[in-house]
Amino acid sequence: MLRCSFILVSLIVLLNGCNYFYQKPAVTTVYIQPFFPFSRERALQVAYEVGNFYKCKVVVLPERKIYSEARSASGRYSAHILLGLLAKDLKDRNGKILALTSYDIFCKKNRVNEWGVFGLGECPGRSCVVSDFRLKWFPDKTREFTINVVLHELGHTFGLPHCSYNITCLMNDAKGGIKELYREKRMLCSHCRDKIGLKI
Ligand SMILES: [Zn+2]
Ligand SMILES: [Zn+2]
């Protein structure tokens, strides 16, 4: 499922025989990997919000350069390749991985090879990546939207699919509109919370 360009790519649903499972954030550590120039200071702000929201342990790793292998000829970065490289590099870390970047990232969508996205998260899975490149087009909301996209993508890694119960739930599918980001509240509806054992 995608939420890209104005739509946020979010979900790789690996529905191989519907082997779906949910994971409890409370027993998970989230490792945040900022890619330079996304600052450690901003990563720490994200870490605070993630820990506060999911009641999980959060560790911010030192900034590093983004993987040049993920760079396309257009100068943008493949979200899928980034996730693969991160999982390989951080294979010894037992937990989720959240990468933060200010470079433009993309996924392949239908016939479009480079569909710009806000983020991508495996569902369920280990890794997700969020870019504030497009969120900076809304300067007064960049910080708030970045956090909300982070919480959405992490929700996918915990096994949450897109939510159709409540249009203000963070796991609601943005279906490509910035207006959906404006609509979302920083909360999970009771259905989503129940699935991952998150108390209010
Ligand atoms: Zn999503
Ligand atoms: Zn929900």
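Tutor: Let's start with the fold: residues 24 or more positions apart account for 67% of the contacts in the chain with a separation of 6 or more. Keep in mind that this is a predicted model.

Student: What does the secondary structure of the chain come to, and how do the elements run from the N terminus on?

Tutor: There are five helices and nine strands. Read from the N terminus, the order is β-β-α-β-β-α-β-β-β-β-β-α-α-α.

Student: What percentage of the residues count as buried?

Tutor: The cut-off to remember is 20 or more other C-beta atoms within 10 Å for a buried residue. In this chain of 200 residues, 46% count as buried.

Student: Let's take helix α3. How far apart are its end C-alpha atoms, and what span should I expect?

Tutor: Work at 1.5 Å a residue: the 16 residues of α3, residues 142-157, should span 22 Å. The end C-alpha atoms are 23 Å apart, which agrees.

Student: How many residues of α3 are buried?

Tutor: The count is 13 of the 16, so α3 is largely enclosed by the rest of the structure. Just after α3 comes Gly 159, with a positive phi of about 110°.

Student: How are two packed helices described?

Tutor: You give the angle between their axes and the distance between the axes. Here, α1 (residues 40-54) and α3 pack at about 50°, and their axes are 10 Å apart. That angle makes α1 oblique to α3. As for handedness, the crossing of the two is right-handed.

Student: Which residues of α1 and α3 meet?

Tutor: From α1 you have Val 46, Glu 49, Val 50, Phe 53 and Tyr 54; they meet Ile 147, Val 150, Leu 151 and Leu 154 of α3. Sorted by class, that contact has eight nonpolar residues, one charged and no polar ones.

Student: On to the backbone. Which residues does a cis peptide bond join?

Tutor: Look at omega. One cis bond joins Phe 36 and Pro 37, with omega about 10°. Pro 37 sits in the loop between β2 (29-34) and α1. Another cis bond runs from Cys 123 to Pro 124, where omega is near -15°. You'll find Pro 124 in the loop between β8 (119-123) and β9 (127-131).

Student: And which residues have a positive phi although they are not glycine?

Tutor: Check Lys 55, where phi is about 55°. Lys 55 is in the loop between α1 and β3 (57-60). Asn 110 also has a positive phi, about 50°, and is not a glycine either. The place to look for Asn 110 is the loop between β6 (105-109) and β7 (112-117).

Note on methods:
Residues are numbered from 1 along each chain as its sequence is written. Chains are lettered from A and ligands numbered from 1 in the order in which they are written. This is a predicted model: local features need pLDDT of at least 70, side-chain atom pairs count only at pLDDT 80 or more; totals for chains, interfaces and linings use all residues. Helices (H or I, at least four residues) and strands (E, at least two) are DSSP runs, numbered from the N terminus. The expected span of a helix is 1.5 Å times one less than its number of residues. A residue is buried if 20 or more other C-beta atoms lie within 10 Å of its own, exposed if 12 or fewer, and partly exposed in between; C-beta atoms are placed from the backbone. Axes are lines fitted to C-alpha atoms, for helices over the stretch in contact, and angles run from 0 to 180 degrees between N-to-C directions. Angles under 35 degrees count as roughly parallel, over 145 as roughly antiparallel, 65 to 115 as roughly perpendicular and the rest as oblique. A crossing is left-handed if the near helix is turned anticlockwise from the far one by less than a right angle, and right-handed if clockwise. Two residues are in contact if their C-beta atoms, placed from the backbone, lie within 7 Å. Ala, Val, Leu, Ile, Met, Phe, Trp, Tyr, Cys and Pro count as nonpolar, Asp, Glu, Lys and Arg as charged, and the others, Gly among them, as polar.
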